[in-house]
Amino acid sequence: MSKPVVLIAEELSPATVEALGPDFEIRYCDGSDRAELLSAIADVDAILIRSATQVDAEAIAAARRLKVVARAGVGLDNVDVPAATQAGVMVVNAPTSNIGSAAELAIALLLASARHIAPANAALKAGQWKRSKYTGVELADKVVGVVGLGRIGLLVAQRLSAFGVKLVAYDPYVQPARAAQMGIRMVSLDELLATSDFITVHLPKTPETIGLIGDEALHKVKPSVRIINAARGGIVDEAALYEAIVDGRVAGAGVDVWAKEPCTSSPLFELEQVVVTPHLGASTDEAQEKAGIAVARSVRLALAGELVPDAVNVKGGAIADDVRPMLPLTERLGQIAAALAKAPVAAIETEVRGEITENDVKVLELSALKGVFTPLSEEQVSYVNAPIIAKERGIEAALVTDADAGDHRNLVRVRLALSDGTSVSVGGTLSGPRGDIAKLVEVDDLDLEVPLSEHLIVMRYADRPGVVGAVGGALGDAGVNIGGMQVSRDAVGGQAVMVLTVDATAGTEVLERISEEIAADQVVGVDLV
């Protein structure tokens with residue numbers, strides 16, 4: 001029997017090949033050469049890449065036997081994940097390989113900004129001795145604000161604590177008591193902006209975080225503040241940052257990531273107060289080796305038909321046929337529950353009911369955790385790190401099973417206990433002749449039946465006449481088309497829930513207008529990924 005073929009399309013650590021072992025035929029190509037890639041990928045079982053190889057729909061279509069795309073790193077901008085999923089190709093990455101390197105680079109930029117390392121270096125090499133011009137500031141006793149206290153943000157905070165700084169953080173999904181155990185005080189974003197001497201950003205790039213540190217935020221900071229972005233380009237508005245530094249409202253910055261990359265020209269490059277690097281967060285020998293070893297192990301698991309912890313598109317693995325279709329449903333329920341949470345999550349319970357419980361359904365708990373944390377974390381959330389994220393945030397997780405699903409053949413319910421004593425619960429099922437139509441059937445204790453779509457709006461409000469008309473009018477004025485609508489209430493004039501499927505993302509303005517017009521308890525737009 002011939003060995004599975006693994007194509008290495010870019011230069012990887014020698015440890016990567018060692019981790020693959022002797023069970024595979026290893027081939028090599030230059031993934032940046034399009035013609036060579038399309039020819040080489042035709043009859044391989046797996047491909048290992050970094051950032052230069054574009055594995056798009058065309059490449060996936062040319063790969064007749066491809067089962068795994070393995071990215072030796074975190075980002076997947078060069079992989080067409082939807083096309084791979086459609087073709088049944090697993091996509092894996094190495095979500096934790098560079099967290100130490102990224103944290104260290106953020107600290108390096110912070111120190112370089114504080115001590116004017118870059119301009120002083122350039123001046124001295126140009127024969128200029130300018131000690132007084134480049135007088136810096138110490139970190140000791142300064143306030144460092146960490147925006148996003150996920151795994152990288154936490155590493156940065158832990159390392160900076162050795163400098164004798166005062167740590168504050170903004171992250172609405174981290175419990176203050178948990179942060180306090182690590183010597184970090186949780187604050188609002190406005191308080192962080194107003195009190196911090198240094199601000200370091202560690203958030204995922206989402207529609208909500210793009211431009212978060214923009215013109216408005218930069219009018220709230222101390223003029224002595226220095227801002228570091230080694231997370232994702234666009235979270236800190238580069239134009240607004242430039243204006244703030246020129247106007248004297250910000251003292252300096254360190255920037256590793258850019259809204260458009262590669263970035264070889266920026267107004268920020270003109271400023272001595274700004275130290276810049278070309279997205280070097282993961283560029284260490286150690287991170288590259290860790291990434292190569294991690295994806296080699298994932299390829300071994302995938303080609304053996306086992307569950308792959310770092311699969312990003314939930315394909316493959318030793319999962320029962322009846323359980324597999326429930327994975328994306330459960331993950332989406334987790335996303336919806338997270339969107340409805342008004343306070344930090346204290347516990348996550350995944351309840352699985354019906355015939356499906358005859359199988360091992362533990363993977364559904366992981367899928368729920370992945371759904372809850374995906375919009376809240378700056379790194380790629382996978383089966384392997386979702387429980388770790390829960391543990392690090394002090395969030396309890398539990399799985400409950402019951403053979404009785406009531407009116408449904410199978411039901412999954414994701415329930416979040418929140419730190420303020422309230423809770424959120426959403427339930428879903430699969431229906432249709434082939435059991436492939438995912439539906440939202442519960443919000444809290446109210447019954448619904450809404451086929452899940454890419455864009456949802458969920459509203460909680462007091463039942464009264466005129467609400468449906470007001471909602472329809474607001475969305476119509478905004479040009480947002482309604483695909484479907486369901487309303488449920490516990491009593492006439494009591495608590496009501498409305499869920500709409502819409503054809504496009506509803507912007508913040510229209511959601512706020514709806515909330516005002518119907519005096520809603522909550523209006524949330526949910527974009528399912």
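In this predicted model, Arg 415 and Glu 351 form a salt bridge, with their closest N and O atoms 3.5 Å apart. The two partners come from distant parts of the chain, 64 residues apart: Arg 415 sits in strand β15 (residues 410-418), while Glu 351 belongs to strand β13 (residues 345-354). Their surroundings can be compared through relative accessible area. Arg 415 is partly exposed at 29%, whereas Glu 351 is buried at 7%. Both residues also take part in a network of salt bridges, together with Glu 349, Arg 353, Asp 402, Arg 413 and Glu 442.

A search of the whole structure gives 28 salt bridges, and two further examples are worth a look. One of them joins Arg 489 and Asp 463, whose side chains meet with an N to O distance of 2.9 Å. This pair again links distant parts of the chain, with Arg 489 in strand β20 (residues 482-489) and Asp 463 in the loop between β19 and α16 (467-477), 26 residues apart. Arg 489 is partly exposed, with 44% relative accessibility, and Asp 463 is buried, with 16%. The other example joins Glu 365 and Lys 362, and here the closest N and O atoms lie 2.6 Å apart. Because these two residues are three positions apart in helix α14 (residues 362-373), about one helical turn separates them. Glu 365 is buried, at 5% relative accessible area, while Lys 362 is partly exposed, at 45%.

Glu 18, Glu 104, Asp 285, Glu 286 and Glu 289 make up a negative surface patch. Helix α12 (residues 285-303) supplies the largest share of this patch, namely three residues. Glu 289 is found in that helix and is partly exposed, with a relative accessible area of 40%.

β19 pairs with two strands in the antiparallel sense: with β21 (residues 495-502) over eight bridges, and with β22 (residues 522-527) over six bridges. Within these pairings, Leu 456 stands opposite Thr 501 in β21, and Met 459 faces Val 523 in β22.

Finally, some features of the backbone stand out. Most residues other than glycine have a negative phi, and most peptide bonds are trans. Asp 141, however, has a positive phi near 70 degrees. Asp 141 lies in the loop between α6 (117-125) and β6 (143-147) and is exposed, at 59% relative accessibility. Asp 444 likewise has a positive phi, of about 55 degrees. This second aspartate is placed in the loop between β17 (437-443) and β18 (446-451), and counts as partly exposed at 21%. As for peptide bonds, the one from Glu 261 to Pro 262 is cis, with omega near 0 degrees. Pro 262 is found in the loop between β11 (252-255) and β12 (274-276).

Terms used. Residues numbered from 1 in each chain as written. Predicted model: local features only at pLDDT ≥ 70, side-chain atom pairs only at ≥ 80, totals over all residues. Heavy atoms only, no water. Patch = residues over 30% accessible without salt bridge, like charges linked within 9 Å, V, L, I, M, F, W, Y side chains within 5 Å. Areas by Shrake-Rupley, 256 points an atom, 1.4 Å probe, with all protein chains shown as cover. Salt bridge = Lys/Arg side-chain N within 4 Å of Asp/Glu carboxyl O. Lys, Arg positive; Asp, Glu negative; His and termini not counted. Charge placed at Lys NZ, Arg CZ, Asp CG, Glu CD. Helix = DSSP H or I, 4+ residues; strand = E, 2+ residues; numbered from the N terminus. Buried < 20%, exposed > 50% of the residue type's maximum accessible area, 1.4 Å probe, protein only. Pairing = 2+ DSSP bridges.
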